[in-house]
Amino acid sequence: MNIIHMKYAVEVARIGSINKAAEELLIAQPNLSRSIKELEADLGITIFSRTSKGMNLTPEGEEFIGYARKILDQIDDVERIYRQGVPKKQKFSISVPRASYISEAFAEFSRTITGDSAELFYYETNAHRAIDNIFDSNYSLGIIRYASVYDKYFKRSLEEKGLEYELIAEFSYMLVASKESSLASLDEVHFGDLTNMIEIAHADPYVPSLPLSNVKKEELLDSIGRRIFLFERGSQFDLLSLNPETYMWVSPLPDRVLDIYGLVQKKCIDNKRQYKDVLIYRKGYNLTDLDRRFITALIESKRAYFPKD
């Protein structure tokens, strides 16, 4: 297999166009097309489906490009180490849901990093992007969150994509709001107590093979009136602490975070839904020392946040 052809394929996948990739690579478009076809013939697979809108990766192509990126990164590392005398860089990368117990685990894990050179990537996002990051952005690990009722959809999708999965935690969402909120004085909270309040919601729910409209209808109840959608977790704490009319469904928060932002945490009697946080990575991937250190910190943090588990 020609490494140059592999580099060409990765560039075409990144740009999504033969013509634009040829311009970036400074080669003729026919030569680039021929190189891609030769690579596909050598591998016995179709990497790209060619459409009027550009070059789209096939399922086999998606898998190949993920491996190709890792191979090319390793080649770059070898060249830096042996040609330039640069020490090998420690690398760690993970995509996660927005959760305090996970971010706290990452903070504890970061304290264990020693040596002169290290790169850590920590990306908070939804399940869809966490899965894609393993294939498209060369992330090693991911943690995805989904309602337990969707377990079969996610497990089937993960198996089809060649991903290993391990349950980290299963829990019900808690309600969090300002200490000045009307919820703060309630001994028991019911759905009806939320009617005149503003829900803060992450705007990117996802379930494989189900229409987004169906998922949103299930995850974001239409009976609740006003709603603010956001993606960034820091902003949610500012909104909750400064606007006593807001609330949010979250995985359990520690007292430390509640005290910092002036928040209270409540169980909702009517909320019976369970959620799962699941660790994912490629089949055949060998966990590194950094991966194992993070997982250890994650399990310790999970035990502190979910003492009944």
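Rings of Phe, Tyr and Trp, the last represented by its six-membered ring, are paired if their centres lie within 6.5 Å. The legends below describe a predicted model.

**View 1. Aromatic pair formed by tyrosine 101 and tyrosine 305**. A search of the whole structure finds 19 aromatic pairs. In one of these, the ring centres of tyrosine 101 and tyrosine 305 are 6.1 Å apart and the planes meet at 50°, so the pair is classed as tilted. Tyrosine 101 belongs to helix 5 (residues 100–110) and tyrosine 305 to helix 11 (residues 289–305), so the pair ties together parts that are 204 residues apart in sequence. Tyrosine 101 is buried, with a relative accessible area of 0%; tyrosine 305, at 10%, also counts as buried because the cut-off for this class is under 20%.

View 2. Phenylalanine 106 and phenylalanine 109 are both buried.

**View 3. Cluster of linked aromatic rings**. Ring pairs join Tyr101, Phe171, Tyr173, Tyr275, Tyr305 and Phe306 into a cluster.

**View 4. Nonpolar surface patch and the face of tyrosine 67**. Ile3, Tyr67 and Ile71 make a nonpolar surface patch of about 230 Å². Isoleucine 71 is located in helix 4 (residues 59–84) and is partly exposed, with a relative accessible area of 32%. Over the face of tyrosine 67 lies arginine 282, at 4.8 Å from the ring centre.

Notes: Residues are numbered from 1 along each chain as its sequence is written. This is a predicted model: local features need pLDDT of at least 70, side-chain atom pairs count only at pLDDT 80 or more; totals for chains, interfaces and linings use all residues. Side-chain values use heavy atoms; hydrogens and water are left out. Patches are made of residues with over 30% relative accessible area and no salt bridge: like charges are joined within 9 Å, nonpolar side chains (Val, Leu, Ile, Met, Phe, Trp, Tyr) within 5 Å. Accessible areas come from the Shrake-Rupley method with a 1.4 Å probe; for residues, only the protein chains shown count as cover. A salt bridge is a side-chain nitrogen of Lys or Arg within 4 Å of a carboxyl oxygen of Asp or Glu. Helices (H or I, at least four residues) and strands (E, at least two) are DSSP runs, numbered from the N terminus. Buried means under 20% relative accessible area, exposed over 50%, partly exposed in between (1.4 Å probe, protein chains only). Rings of Phe, Tyr and Trp (its six-membered ring) pair if their centres lie within 6.5 Å; planes under 30 degrees apart count as stacked, over 60 as edge-to-face and the rest as tilted. A charge sits over a ring if NZ of Lys or CZ of Arg is within 6 Å of the ring centre and within 35 degrees of the ring normal.
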